Amino acid sequence: MPPVVLVAPAAFKGTLGPRQVAEALATGVRRAAPGASVLECPVADGGNGLLDVVLPAGALRERLPVTGPIGETVSAEMGWIDSETAIIESASACGLALVEPEDRDPMRTTTRGVGELIWTAADRGARTIVVGLGGTATVDGGTGAARGCGWTFENASGQPLPEGGGSLIDLASFRSGWGLGARVVALADVATPLLGPDGAAPVFGPQKGARPEEIPQLAAGLTRLAELWAQAGRPELGMMPMGGAAGGLGAGLAFFAKAELTGGADWVLERAGFDAALAKADLVITAEGVFDKTSLVGKAPGEVVRRAQVAKKKVAVVAGRVEGLIGVHTIGGDSEGGGRMLDATALARMAEQVAREALRL
């Protein structure tokens, strides 16, 4: 019997989408085992590549002008799974990639564009709006997204609060926005809560550009926001798993848009029919740009590895860089040249190598 190989990679940020990575891996596997049956199942978890994975061929995708993370207009993408189900990636409206490194500042960056996309989708008839939460440049607790849906925020003097996470420490009150008729499903790629030592500010603030002395202020602002949510009847939001995703956008959407928070990897893998493909596979190969311990907590490639191990399947990881992992068969781009960006040719070569090793060819 020829082997069945399942390739289930995520996107390589800034270079290749998940489908392109899957095609490159499949090319390498076929080179190693010409008779193999190769199943391609690209994956995502709420971050980069979500629309590419979820939207069927020919689905409507449109670019819309919205408020970007530092207040300028950006062109964000919205897709339609069907006529009543819209899907967006928060990163296309307020992503880290939209801000030059020297301008990254979660004290002032905003998720407003996400709210504008949600409101536009609802206005166009969406009954369900799926929001991927990964890759934002923000730690504003979702207050920007709420502004995009008509909410207002004031300090103790009744003055409008500036956008961004830095002003939340002065938040005294908020007023509800326009009625949102759609169901919102928010896909998280982390289990991080909003508050605490492992909350959104200390965990995500530094990677979004916050200086060490700004982390306590961001944390205090999110704490103040959670206090007002508790007064409004949602005391659980401060420590709810996944609430800290996208700098608190997870918890913010749960309050301001009554969103259902769920693990993005599980949601995508279920839609993609991953488990049915896994049952047939002799070998599973997943891939992402950097595979480390965080990949095993909420990220799609980590969930692929976990499910493959539970099913007692051979599993391997191809990555641009592999950090600190034991017990997972990995091949990293470090061996291809110092952890550099990998192109399709390099990915195919690595997939060929890993298939030969795993299938003992």
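**Close-up views of a predicted model**

**View 1. Helix α1 and its buried residues.** The buried residues of α1 are Pro18, Val21, Ala22, Ala24, Leu25, Ala26, Gly28, Val29 and Ala32. The structure shown here and in the views that follow is a predicted model. These buried residues of α1 pack against the strands β1 (4-7), β2, β11 and β12, and also against the helices α2 (50-54) and α13 (344-358).

**View 2. The open sheet of five strands.** The strands of this open sheet follow the order β2-β1-β11-β12-β13, and their pairing is parallel. Because β2 (37-40) and β13 (329-332) stand at the edges with a single partner strand each, one side of each is left without a neighbour in the sheet. On average, and with direction ignored, neighbouring strands of this sheet are turned by 25° against each other.

View 3. When residues up to four places away in sequence are not counted, Ile118 touches Ile88, Ile129, Val131, Cys149, Leu180, Val184 and Leu253.

**View 4. Strand β6 and its two partner strands.** Five of the five residues of strand β6 (residues 128-132) are buried, so this strand is largely enclosed by the rest of the structure. Thr128, Val130 and Gly132 point one way from β6, whereas Ile129 and Val131 point the other way. Strand β5 (residues 85-89) pairs with β6 in the parallel sense over five bridges, with Ile87 standing opposite Val130. The pairing of β6 with β9 is likewise parallel and runs over five bridges, and here Arg183 in β9 is the bridge partner of Thr128.

**View 5. Val185 in strand β9.** Val185 has its place in strand β9 (residues 183-188), and because its relative accessibility is 6%, it counts as buried. Leaving aside residues up to four places away in sequence, Val185 touches Thr128, Ile129, Val130 and Val131, together with Glu260, Thr262 and Trp267. Val185 and Val290 are 105 residues apart in sequence, and their C-alpha atoms are 27 Å apart in space.

**View 6. Thr109 in a loop.** Thr109 is placed in the loop between α3 (91-94) and α4 (112-123), and with a relative accessible area of 0% this residue is buried. A polar atom of the Thr109 side chain lies 2.7 Å from the backbone oxygen of Ala137. Not counting residues up to four places away in sequence, Thr109 touches Pro69, Ile70, Ala137, Thr138, Asp140, Gly164 and Gly165.

Note on methods:
Residues are numbered from 1 along each chain as its sequence is written. This is a predicted model: local features need pLDDT of at least 70, side-chain atom pairs count only at pLDDT 80 or more; totals for chains, interfaces and linings use all residues. Side-chain values use heavy atoms; hydrogens and water are left out. Two strands pair if DSSP finds at least two bridges between them. Helices (H or I, at least four residues) and strands (E, at least two) are DSSP runs, numbered from the N terminus. Axes are lines fitted to C-alpha atoms, for helices over the stretch in contact, and angles run from 0 to 180 degrees between N-to-C directions. Buried means under 20% relative accessible area, exposed over 50%, partly exposed in between (1.4 Å probe, protein chains only). Contact means heavy atoms within 4.5 Å. A polar contact is a pair of N or O atoms within 3.5 Å; within protein, one must be able to donate a hydrogen and the other to accept it, and residues adjacent in sequence count only if both atoms are side-chain atoms.
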